[in-house]
Amino acid sequence: MRASRACAATALACVAVGLTAPTAAATNGPSDVTVNPYSVHQGSTISIAATGCGHGGTVTSNAFPQASLSAGSKGYASARINNHATPGHYNLAVKCNDNAMVATHQFTVLAGRGAHGGLGGSVGPSDTDVAVGAGLVASAALGGAIFVARRRTTGGKA
C-alpha cells in the first residue's frame, strides 16, 4: 500500500512539473518578433508581435513613442510612426516586464504620402487635365454646330 502511494505521489509530482514547464519556458525573454508592415510611411501605424513575454513588456524605437506589449503567450503592440521621422531603416527593441533580455527587429520608414490639402488652388492643372478639357469643349462646339445646322434645314421646309 505504501509503494502505491509513493508511486502516485511521484506521478503527481511529475505531472505538476510537466504542466508548469511550458509556462516557465514562455518567460525566457522575447523571441519571434514580427512587424507588420515591414515598410511603413511616416504618420502610419505599425503592429508588433512577440512571444515569450507572458507578463507583457515594452517596445521602443527612435521612430515612435514607447508602446506597451500585451500579456500572454504572444504579445501584441501597435505604435504610430512619428510624422517627422527621417525615412530609412530603424530598429525596435522588445523588453519583457519579467525579464532583462531584449530582442530587436528592423523595419523601414518611408516618406509620407501627404495630400495637397489646403493649397487653395495654388496647384495648376496638369497637361492631362488641359487635354481632357480641350477635348470636351471641342466636342460641345461640334455637337452644337451639328444641332444648329440640322435645325436650320428642317425649319426652312416647314
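These legends describe close-up views of one predicted protein model.

Residues are numbered from 1 along each chain as its sequence is written. In this predicted model, local features need pLDDT of at least 70, side-chain atom pairs count only at pLDDT 80 or more, and totals for chains, interfaces and linings use all residues, while side-chain values use heavy atoms, with hydrogens and water left out.

**Figure 1**
Helices (H or I, at least four residues) and strands (E, at least two) are DSSP runs, numbered from the N terminus. Along the sequence, the pattern reads α-β-β-β-β-β-β-β-β-α. The protein has 158 residues, and 22% of them are buried. Buried means under 20% relative accessible area, exposed means over 50%, and partly exposed is in between (1.4 Å probe, protein chains only). The exposed surface comes to about 10600 Å², with 60% supplied by carbon and sulfur atoms. These areas come from the Shrake-Rupley method with a 1.4 Å probe; for residues, only the protein chains shown count as cover. Now take the contacts with a separation of 6 or more: 54% of them are between residues 24 or more positions apart. Contact means heavy atoms within 4.5 Å.

**Figure 2. An open sheet is built from 5 strands.**
Two strands pair if DSSP finds at least two bridges between them. The order across the sheet is β2-β8-β7-β4-β5, and the pairing is mixed. Which strands form the edges? They are β2 (39–41) and β5 (67–69), and each pairs on one side only. On average, neighbouring strands of this sheet are turned by 35° against each other, direction ignored. Axes for such angles are lines fitted to C-alpha atoms, for helices over the stretch in contact, and the angles run from 0 to 180 degrees between N-to-C directions.

**Figure 3. Strand β7 pairs with β4 and with β8.**
Strands β4 (residues 57–61) and β7 (residues 88–96) run antiparallel and are joined by 5 bridges. Within this pairing, Thr-60 stands opposite Ala-93. Thr-58 has Lys-95 as its bridge partner. Strands β7 and β8 also run antiparallel, with 8 bridges between them. Here Gly-88 stands opposite Val-109. How many residues lie between the two strands of this hairpin? There are 5 between β7 and β8.

**Figure 4. Three aromatic rings form a cluster.**
The structure holds 2 aromatic pairs. Rings of Phe, Tyr and Trp (its six-membered ring) pair if their centres lie within 6.5 Å; planes under 30 degrees apart count as stacked, over 60 as edge-to-face and the rest as tilted. The ring centres of Phe-64 and Phe-107 are 6.1 Å apart and the planes meet at 35°, so this pair is tilted. Phe-64 lies in the loop between β4 and β5, while Phe-107 lies in strand β8 (residues 102–110), 43 residues apart. Tyr-90 and Phe-107 make a stacked pair, with 6.0 Å centre to centre and 20° between the planes. This pair links strand β7 to strand β8, across 17 residues of sequence.

**Figure 5. A disulfide joins Cys-53 to Cys-96.**
A disulfide is a covalent bond between the sulfur atoms of two cysteines. In the model, the cut-off is a pair of cysteine sulfur atoms within 2.5 Å. The structure holds 1 disulfide. From S to S, Cys-53 and Cys-96 are 1.9 Å apart. Cys-53 lies in the loop between β3 (45–51) and β4, and Cys-96 in strand β7, so the pair ties together parts that are 43 residues apart in sequence. The link is left-handed, with -70° about the S-S bond. Both Cys-53 and Cys-96 are buried.

**Figure 6. Gly-75 sits in strand β6 (residues 74–80).**
Its relative accessible area is 0%, so Gly-75 is buried. Ala-49 is 26 residues away from Gly-75 in sequence, yet the two are 5.6 Å apart in space, C-alpha to C-alpha. Not counting residues up to four places away in sequence, Gly-75 touches Ile-48, Ala-49, Ala-50, Leu-69 and Ser-70.

**Figure 7. Thr-108 is found in strand β8.**
Thr-108 counts as buried because its relative accessibility is 10%. Leaving aside neighbours within four places in sequence, Thr-108 is in contact with Tyr-38, Ser-39, Val-40, Gly-88 and His-89.
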